[in-house]
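Trainee: Before we start, please show me the model. Then take me through it in questions and answers.

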Amino acid sequence: MLRNLAANTGRGILFLPLLLSALAVAFAADLPSAWRSWRYSRPIEPPHADALNYITLDRDVFLHSESQLGDVRIIDESGHQLPYDLRAQITQPPEPVRVPATLRENSFVPGQFTQVVIDLGARPRFHNSLRVQTGESDFINWVQIAASDNAHVWRIVNPRAPISRFRKDNLEGTQTIRYSENNARYLRVRIQEAGHSFQVSDIEVFSSPVTKIEGPTEGAFLFASLAPGPAGEASQTQWNVDLGSGNISVAKFKFETSQPEFYRAVRILNSNDQKEWQFAGGGEIHRYVVGGKAEESLAVQCYESGGPRYWRVEVLNANDAPLSAIRLSAAMPLRFVLFRSAPYRSYRLIYGNARAKAPQYDLSRTLQIPPREAMFRPGLGSEEVTSNYADPRPFTERHPNILWIALGVAVVLLGSAALRALRTPVSTEAEK
């Protein structure tokens with residue numbers, strides 16, 4: 001029985017490499033000779049010919065791209081390159097349009113508020129947001145906005161909204177407020193600061209059209225529901241995050257908390273070595289109740305810088321207690337690849353070439369998407385390793401140890417030559 005068991009075990013051990021090889025082949029693919037230097041590829045599901053298609057890049061593409069998506073290509077079965085346009089949004093949202101406005105009043109009621117009245121002219125266009133221009137450096141203030149057609153009868157269009165700035169913490173905060181869209185001629189802005197007159201140099205009013213967003217609105221989560229680290233300074237709550245790779249960018253950090261009302265500044269830093277940290281974004285998170293309805297903003301955007309592996313997120317508590325049951329998650333940025341395919345062609349997305357530079361196509365300059373143009377989203381197949389991969393790096397980069405070996409050999413040879421020179425007797429004039 002032991003002999004049979006040993007024989008079966010031996011056959012199993014011999015079979016294991018064959019099984020692993022078969023699995024590797026199942027997730028490997030040959031690429032045309034011109035593209036063998038790309039390590040990874042994904043088949044694209046049959047796209048709609050002669051139409052605009054788009055695919056969404058996932059975590060694997062970010063992780064295995066060697067040049068911050070500059071090595072991404074689309075090729076057909078013959079190895080021909082297909083132009084594409086890489087975008088963070090499929091359709092770019094229209095920029096807010098500034099509405100001409102004149103300050104008619106800038107006054108202070110001691111113990112209550114600073115009041116500013118803006119005149120938008122006799123026939124103003126519809127408007128829905130404003131930005132307070134101020135020289136104040138560090139503040140958090142509540143603001144009420146009212147609208148009027150005659151500057152006598154006012155209706156509240158936003159009863160309570162925050163503005164802030166934290167320059168001592170290198171955070172600009174926000175001074176923009178949205179309100180119910182209207183075309184009233186006058187706006188009244190009351191900044192709730194009882195102690196002193198709040199400095200207001202100007203107020204910009206905007207008309208921001210609401211547009212339909214095509215496709216997903218945020219990238220996949222990099223991690224979710226992470227508790228803060230050990231308590232450090234009482235004035236801040238901190239997370240230190242290791243993404244495991246510098247290839248993946250972070251688009252935003254999102255917070256969860258059971259705290260019913262709060263307003264806190266957030267600072268974001270990143271690092272390549274956990275020793276030197278650089279500023280990578282910031283903002284504020286808040287939750288408050290207006291008219292029985294909770295208004296909240298629990299996400300903070302950050303600079304989508306590629307390269308840093310380590311991130312630090314700090315919620316600045318000032319003199320308040322830390323937020324209750326607070327947790328953190330992070331989302332990666334969205335990247336869409338838009339292209340027009342030819343009929344009767346199959347396509348593959350390839351990436352993973354450290355020597356490749358970002359391509360330049362006419363499509364990125366000429367692509368215009370009409371409001372009602374039909375767009376299609378073919379899926380991406382599983383990632384496959386290039387079976388006929390040819391490393392594009394020079395021989396010395398692929399085999400760095402050879403340089404050290406050569407240096408070692410050179411040192412030995414030089415040392416040997418020096419020893420021989422020392423042992424060789426020096427002839428004198430007398431001997432001659």
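Mentor: Start with a definition: a salt bridge is a side-chain nitrogen of Lys or Arg within 4 Å of a carboxyl oxygen of Asp or Glu. The model is predicted: local features need pLDDT of at least 70, side-chain atom pairs count only at pLDDT 80 or more, and totals for chains, interfaces and linings use all residues. Residues are numbered from 1 along each chain as its sequence is written, and side-chain values use heavy atoms, with hydrogens and water left out.

Trainee: How many salt bridges does the structure hold?

Mentor: Side chains of opposite charge can pair when their charged atoms come close. One of the pairs is R87 with D85, at 2.6 Å from N to O. The structure's count of salt bridges is 20.

Trainee: Is D85 buried or exposed?

Mentor: Buried means under 20% relative accessible area, exposed over 50%, and partly exposed in between (1.4 Å probe, protein chains only). R87, the partner in the salt bridge, has 13% and is buried. D85 has 7% relative accessibility, so D85 counts as buried.

Trainee: Which residues are linked with R98 in a network of salt bridges?

Mentor: R98 is partly exposed at 45% relative accessibility. D202 is partly exposed too, at 25%. The network links R98 with R131, D202 and E204.

Trainee: In the salt bridge of E172 and R165, which residue is buried?

Mentor: The closest N and O atoms of this pair are 2.7 Å apart. E172 has a relative accessible area of 39%, so E172 is partly exposed. At 4% relative accessibility, the buried residue is R165.

Trainee: What is the order of the open sheet of four strands?

Mentor: Strands of a sheet pair through backbone hydrogen bonds, either parallel or antiparallel. Here two strands pair if DSSP finds at least two bridges between them. The edge strands, each pairing on one side only, are β5 (85-87) and β26 (375-376). Pairing in the sheet is mixed, and the order is β5-β24-β3-β26.

Trainee: Which residue in β24 is the bridge partner of N53?

Mentor: Strand β3 (residues 52-56) pairs with β24. The sense is antiparallel, over five bridges. The partner of N53 in β24 is F339.

Trainee: How far apart in space are A251 and E304?

Mentor: A251 lies in the loop between β16 (236-242) and β17 (252-256). A251 is buried, with 8% relative accessible area. Beyond neighbours within four places in sequence, its contacts (heavy atoms within 4.5 Å) include V300, C302, E304 and P333. A251 and E304 are 53 residues apart in sequence, and their C-alpha distance is 5.6 Å.

Trainee: Where is N388?

Mentor: N388 has a relative accessible area of 19%, so N388 is buried. Leaving aside neighbours within four places in sequence, N388 is in contact with A29, D30, L31 and R36. N388 lies in the loop between β27 (384-386) and α4 (395-398).

Trainee: Which helix holds I405?

Mentor: At 54% relative accessibility, I405 counts as exposed. The place of I405 is in helix α5 (residues 400-423).

Trainee: What share of the residues in the protein is buried?

Mentor: The secondary structure comes to five helices and 27 strands. The protein has 432 residues. The buried share is 39%.

Definitions and conventions:
Helix = DSSP H or I, 4+ residues; strand = E, 2+ residues; numbered from the N terminus.
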